[in-house]
Amino acid sequence: MHTVQAKTQGNKTEILKNAELVERAVSGDPMAREALAVAAFPRVRKLVYLSYGNRYDIDDVTQIAMVTVFRDLPGLRNYDRFTAWLDTVVYNVVRTQGRKRIRFTSLFADADPSQDSRHWDITPEDEQVGHQLINLLQHHLNRIAPRKRNAAVMSIFFGYVDSEVAQIMDCSVETAKKRIQHGRKELMERVLKDPGCSGLLKEAFQ
Amino acid sequence: MSNTMCRWVSMKLAKPPTEYLLEHEKRIIEEHLQDCLHCSDLKELSDEMRQWAKLSAPAVSPFKERKIITDALEGRMPGSSREPLFAGRLAPWMAVAGIAAAVVIAFVLFWPGAQDNGEQSNELRQQVAKKIETETIAPKAYNLIQFEKSTPVKLMREDKVWGTEHALVNLNILSNELTRIELIQGRIVVEVTKRKAGEKFEVVGPGGVVEVVGTIFSVEVDDLGVQHVRVLRGKVKVNNKRSGKTSVVSKNHQLTIGDDKGSVIASKQELDSDRELMGTLKANIRSAQAGNNGSRGAAKDKSSRTEQNATKLAQKAIKEKRLGEARRHIEEAQQSDTQSQDVPDLLARLARAYRQQQNYAAAEAIYKQLIGDYSRTTAAQNAMVALAQLELNALGKPNVALAYFDTYLASVPSGYLSETALIGKARALRQIGNDSALFQTSNNYLAKFGKGSFASEMLLYRGQIHQQTGKCGLAQKDFKAIITRWPDSRKATQAREGLAACGTN
Ligand SMILES: [Zn+2]
């Protein structure tokens, strides 16, 4: 059965680019919708995880994002650009959910326990270097202002260029450019100041 | 080094790698990096950052992942009340496996990440393994498998599965007695060894379930989601999901689930394409050619080989997006006696390729050719729906779309695509603003497919028309049905607005 395992690697990204499958999912085919949901989940979770700015309700926000994606899917027209559409929908969910949270927690400015307990939620499963690294990056990203953070996340972790970020964030290309550059710079400087990072960075990509 | 200089350099280094630096900027930066440790650290980090795109978020438990996916597909927001988790499509599986095994099966089915994070789910896997041991079955689930040509995936016993390159399957080995393959798209050929009584091997597609005893057969889900079954050896039982009807397909026969023809003799080309997928065709061609040389003239043999090429070349050209060339090869195939039967399928594929390139005018022309020249083939019937969708969505011509949807519905009233055609028709009528026809269509749909994929949309259309014509009692009934059945959907929000407009809530 090992052959089967090897064959399933990396398929999820390809499925998101499969315009025929996307088209069938858009027209309501339940099997195609499910295949797309399974394939989209890791990407949605990664975007929420990095851009939401808080560790508490990531699973809930992921679920809200997934529900929104599959609720709005019948309106998708450009089947070849599913991932860009997906990321835009998720970004908007993250933005509105984040705003709700800020309105609420600003009353208790210092009550957010994530502020000083960086590793509190690392489970044994996360002991892999890659996961320690992304945890650390998330910790630092959470401290950057939302717009700069999200622009940096799109640029660094999803490979979007400025014009694409502008489209997703619904702003001008110039603004997107600035947000990306400042977000990246802030993240880099925070990471450099963190002594825990240097070892991880080297290990993670050997 | 000056602080202003460092600030300038660090801003430049923070630019994404896709952005260019001017030559003189590069020189200044290089010079600065030689004396400034801080900035050279930044430079190193910005190089490493290119790798961060590969990182994925920490694993969520497979159960949680499965739950979020199921909830998302059913439109449930976090914290909303939930129905029993195993309702719906899993129920029959559990019935087959028996109550004792049900716990374990559910456990494994809700374990979709098995192929993903090898290491992370180790602990979970051990738990599962322990459970399995005590229950004496060895279920496994593999999601979204893809195939390489002529390389079978080997299952238990001597069972093998081949798939086309764009075939996508979920494989569930539920017990020694039950193996189930879910075919999402593409074509697979399955070779199954003889089973004892009570042992089952099933292939599930959108149209229905194919049940096997000991045989070789292929199942294809084409681009429109239509499911075809073809048998190369032995026989299979096919259960139509929608009608509940069971039919038997025997050797060299094929069945398209949902069309009215039932099991018919399969063409040699199609049987050969299955054999080709298995990698057993080459030997057959050679032996056939040896026979030909004895009985037929060499010239005839040569011409049949060039014809063989036209279909093959067209397929290859479509795949490699050389569509003009593909068109010429299809014309060659059209001239040939032995290959003209491949033409409808080739035209359908070509139209789809044009549509993918967003060359809608060319796609439209090919669909029209297919419908005009091969009106009695399934490919042409399916093309009507595809063309109608194209007219409605991409070309913005709801009136033209409506005509094609209607033609399809009139010529194949209970065809597999009738549900798709009805929702398309409703959307076209909605755009045109023909409420009385929309009312009839929604009634028609709801009578036929009350639990169909588009029932909520049709209920909303009907409710809104009731409401606009002052029949608030009937409107309320439809709106309330939407709110009860899909409480968190966008349709429910619209239904609540409808209710409010009717003066109640
Ligand atoms: Zn410097």
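Reader: What makes the meeting of the side chains of A:Asp59 and B:Lys64 a salt bridge?

Author: In this predicted model, the N to O distance between the side chains of A:Asp59 and B:Lys64 is 3.7 Å; a salt bridge requires a side-chain nitrogen of Lys or Arg within 4 Å of a carboxyl oxygen of Asp or Glu, and the pair therefore qualifies. The count of salt bridges between chain A and chain B is four.

Reader: Which element of chain A gives the most to the side that touches chain B?

Author: Helix H4 of chain A, residues 30-51, does so with 12 residues, where a helix is a DSSP run of H or I with at least four residues and a strand a run of E with at least two, each numbered from the N terminus. By class, that side of chain A has 30 nonpolar, 16 polar and 24 charged residues; Ala, Val, Leu, Ile, Met, Phe, Trp, Tyr, Cys and Pro count as nonpolar, Asp, Glu, Lys and Arg as charged, and the others, Gly among them, as polar.

Reader: How many residues of each chain are in contact, and what area do the chains bury?

Author: With contact meaning heavy atoms within 4.5 Å, 70 residues of chain A are in contact with 82 residues of chain B. The two chains bury about 7,200 Å² between them, 61% of it on carbon and sulfur atoms, and this is the accessible area (1.4 Å probe) that the two parts lose on being put together, summed over both.

Reader: Why is strand E5 of chain B called mostly covered?

Author: Buried means under 20% relative accessible area (1.4 Å probe, protein chains only), and 15 of the 15 residues of strand E5, residues 178-192, are buried, so the description holds.

Reader: How do you know that strand E4 of chain B pairs with E5(B), and which other strands do so?

Author: Two strands pair if DSSP finds at least two bridges between them; six bridges join E4 (residues 168-173) to E5(B), so these antiparallel strands pair. Strand E3 (residues 160-163) of chain B is antiparallel to E5(B) over four bridges, with B:Trp162 partnered by B:Val189. Seven bridges join E5(B) to the antiparallel strand E8 (residues 215-221) of chain B, whereas five join E5(B) to strand E6 (residues 200-204) of chain B, which runs parallel.

Reader: What conventions apply to the numbering and the values?

Author: Residues are numbered from 1 along each chain as its sequence is written, and chains are lettered from A and ligands numbered from 1 in the order in which they are written. Local features need pLDDT of at least 70 and side-chain atom pairs count only at pLDDT 80 or more, while totals for chains, interfaces and linings use all residues; side-chain values use heavy atoms, with hydrogens and water left out.

Terms used
Buried < 20%, exposed > 50% of the residue type's maximum accessible area, 1.4 Å probe, protein only.
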